Amino acid sequence: MNFINLGPIGTKEDGDLKGAFHLNGNHFIIHENAIYEIESIENVKQSNLPKFIHRLIINQGANHPIVGQTIFQALQLVKSNFIDSKIDKSQLLNISLEILQEAKVLEQEVESYCALEKKLIQTDIENKGNSIPSIRDVTTRCKTVFQKAHHIQLLINNIISLFYPKLIDYQSEYETFLIKISEINPTDSVQFEKMKSWSTSMNLIREMRNKLDHLNTNEVSVKDFYFDSEKDPRGLYIMRPSIKLDSKKAKLTRTDLSKVFPNTIYTIISVYQDTLAFLINENLPADLNLTVNEIPEAERENKWVKYGFWSANGMRYI
């Protein structure tokens, strides 16, 4: 496909072109601040009509952390011919793009909540009245955040299955993958240790989603703004909205949602990035003598693209 003949795509605010890839018969271009999909129009008869159209699919691009950690990281590791030919690269990119789109919605939910909470607190301070702030749909917001995060967990399972069919199923816990992969391919690599460190957080996301979905109030408790007599004997100390989990599989002491929500995004996207690097590293042909390692931050072309290919003698492949 000749990008020169496409004409202007996007706006000046989108910034410079940073990358492009082909998927499902269409092309995608990544600017600094936007991603566009380019689609051919079949059976165009009039010469004055364009043969291609483009649509904005995400109003964030290579400069955004989530974009860099997902689709840009995947392109960095998939664009070469290093990966075992048995791995379906198109499907890997397809799932990675879906994860990016889900993460974008998750991020919007979190940003919307945090902005509302901040606004209500500021208004309460300014009013100095006898009222207390309130987010009446706080439990629904919790459900949405953890449902989205859990869906990304399931998509990560789909990526794992591309590399290890039948090792786990779509609904498997992340810990199950770690146990089974260590049984068939024992490793104490730095990457595997990183993945093990995420196991507790992944289990927490799963349990939050399950308990909130069934509203098991004996194990999960969501609170709106409330007075805390332990902080102030007069009962005038207002606490932020928070959540507590106490189940057999996971526990979280009462923690402000303004901390839990952003940490959930960070966790699930970091798990995707670290897991992808591990999977590709474990499935490189032995005769290439290459590994997937972390790129020192000072040497990264994109600060969010953490992994790249390295030779046995320590030379980096761009």
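# Exercises on a predicted model

About 410 Å³ of space lies in the largest pocket. The model is predicted, so local features need pLDDT of at least 70 and side-chain atom pairs pLDDT 80 or more, while totals for chains, interfaces and linings use all residues. Residues are numbered from 1 along each chain as its sequence is written, and side-chain values use heavy atoms, without hydrogens or water.

**Exercise 1.** Determine which residues lie nearest the centre of the largest pocket and which element gives the most to its lining.

*Solution.* Step 1: a pocket is an open set of points on a 1 Å grid over the protein atoms alone, with protein on both sides within 12 Å along at least five of seven lines; lining residues have an atom within 4 Å of a point. Its volume is the space filled by probe spheres set on the points, which are joined across faces, edges and corners.
Step 2: the lining has 19 residues, and Lys18, Phe72, Gln76, Glu301 and Asn302 lie nearest the centre.
Step 3: β1 (17-23) and α1 (65-78) each supply at least two lining residues (helices, H or I, of at least four residues and strands, E, of at least two are DSSP runs, numbered from the N terminus). The most, four residues, comes from β1.
Step 4: by class, the lining holds nine nonpolar, four polar and six charged residues (Ala, Val, Leu, Ile, Met, Phe, Trp, Tyr, Cys and Pro are nonpolar, Asp, Glu, Lys and Arg charged, and the others, Gly among them, polar).

**Exercise 2.** Describe the second largest pocket by its volume, its central residues and its main element.

*Solution.* Step 1: the volume is about 250 Å³.
Step 2: of the 19 lining residues, Thr200, Ser201, Leu204, Leu252 and Asn263 lie nearest the centre.
Step 3: α6 (199-213), β9 (251-256) and α7 each supply at least two residues, and α6 gives the most, with seven.
Step 4: seven of the lining residues are nonpolar, eight polar and four charged.

**Exercise 3.** Find which residues line the largest cavity.

*Solution.* Step 1: in a cavity, a 1.4 Å probe fits but cannot get out. The count is two cavities of 30 Å³ or more.
Step 2: the largest cavity holds about 50 Å³, and its lining consists of Gln153, Glu173, Tyr174, Glu175, Ser199, Met202, Asn203 and Arg206.
Step 3: α4 and α6 give two or more residues each to this lining, and the largest share, four residues, comes from α6.
Step 4: the second largest cavity has a volume of about 30 Å³ and is lined by Gln153, Asn157, Ser172, Glu173, Tyr174, Met202 and Arg206.

**Exercise 4.** State whether α1 and α2 are roughly parallel or antiparallel.

*Solution.* Step 1: α1 and α2 (residues 89-127) pack at an angle of about 170°, with axes 8 Å apart. Axes are lines fitted to C-alpha atoms over the stretch in contact, and angles run from 0 to 180 degrees between N-to-C directions.
Step 2: the two helices are therefore roughly antiparallel (over 145 degrees; under 35 is roughly parallel, 65 to 115 roughly perpendicular and the rest oblique).
Step 3: the contact (heavy atoms within 4.5 Å) includes Ile66, Val67 and Thr70 of α1 and Leu92, Leu93 and Ser96 of α2.
Step 4: its residues divide into twelve nonpolar, two polar and two charged.
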